[in-house]
Amino acid sequence: FGKTRQDFADAAEGYLKSWNVLKNAPAADIVDKASFDSTKVGTLKGAIDTFQMAVRTEQVDPTTIEAAKTLIPEYLNLETDAAKKAQASLTFADLYRVVGDSENAIAAYKVILDATPDNQDALAGAGLSLVNLGFINNDKAKLQEGANLLQKFAGVAPDTHKYKADAVALIDTLKKEQ
């Protein structure tokens, strides 16, 4: 897995370098604007694919996060499809969750939940991140907020959702500890 994590980090760094070259290209050097614009879009879409694979395999390196901080907002500015924008925003939040940066994950998930309060993946991610932060800091308010989001998630998510069983088990554990 260490090699996979490094491969994703290298790919993310490569996309970031490519983006920076494209973004800073002097207008006089752009011979074919359509091809140039297509390359920019392709670079951002390739980066998003890399970030999504890193999340799915849970192989996220800090280098990957640093690239995502630049590339995902750029992608969101260019993408017109609302569903793809929502998926990219979720990927950004998931990157933080996977590396254990609960505070940034929570902030990113809350942006999604402000726009779509019943987003199952954002409910699960925010809930898990809040519970994690609550345990780390012995913060009962964060634990309760996380449990509330996980309860809402468990109520709307199908049994086949990848986090449903974990959420239900965690809710039961939290109830027993009170």
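Two residues are in contact when they have heavy atoms within 4.5 Å of each other. This briefing uses that meaning for a predicted model. It covers two helix pairs, α2 with α3 and α5 with α6, then the buried residues of α6 and the residue Q52.

**Helices α2 and α3**

- Helix α2 covers residues 33-57 and helix α3 covers residues 62-78.
- The axes of α2 and α3 lie 9 Å apart, and the two helices pack at an angle of about 130°.
- The crossing of α2 and α3 is left-handed.
- On the α2 side, the contact is formed by L44, K45, A47, I48 and F51.
- On the α3 side, the residues they meet are T64, A67, A68, L71, I72, E74, Y75 and L78.
- Sorted by class, the contact of α2 with α3 has 10 nonpolar, 1 polar and 2 charged residues.

**Helices α5 and α6**

- Helices α5 and α6 pack with their axes 9 Å apart, at an angle of about 150°.
- An angle over 145 degrees counts as roughly antiparallel, and α5 and α6 are therefore roughly antiparallel to each other.
- The crossing of α5 and α6 is left-handed.
- From α5, the contact is made by S102, E103, A105, I106, Y109, I112 and L113.
- From α6, the contact is made by D121, A122, L123, G125, A126, S129, L130, N132 and L133.
- By class, this contact of α5 with α6 has 10 nonpolar, 4 polar and 2 charged residues.

- Helix α6 runs over residues 120-137, which is 18 residues.
- At 1.5 Å a residue, α6 should span 26 Å, and this agrees with its end C-alpha atoms, which are 26 Å apart.
- The buried residues of α6 are A122, L123, A124, G125, A126, G127, S129, L130, V131, L133 and G134.

**Residue Q52**

- Q52 sits in helix α2.
- The relative accessibility of Q52 is 17%; because the cut-off for buried is under 20%, Q52 counts as buried.
- Leaving aside residues up to four places away in sequence, Q52 touches Q87 and T91.

How values were computed. Residues numbered from 1 in each chain as written. Predicted model: local features only at pLDDT ≥ 70, side-chain atom pairs only at ≥ 80, totals over all residues. Heavy atoms only, no water. Axes fitted to C-alpha atoms, helices over the stretch in contact; angles between N-to-C directions. Helix = DSSP H or I, 4+ residues; strand = E, 2+ residues; numbered from the N terminus. Left-handed = near helix turned anticlockwise from the far one by under 90°. Nonpolar A, V, L, I, M, F, W, Y, C, P; charged D, E, K, R; others polar. Expected span 1.5 Å × (residues − 1). Buried < 20%, exposed > 50% of the residue type's maximum accessible area, 1.4 Å probe, protein only. Parallel < 35°, antiparallel > 145°, perpendicular 65-115°, else oblique.
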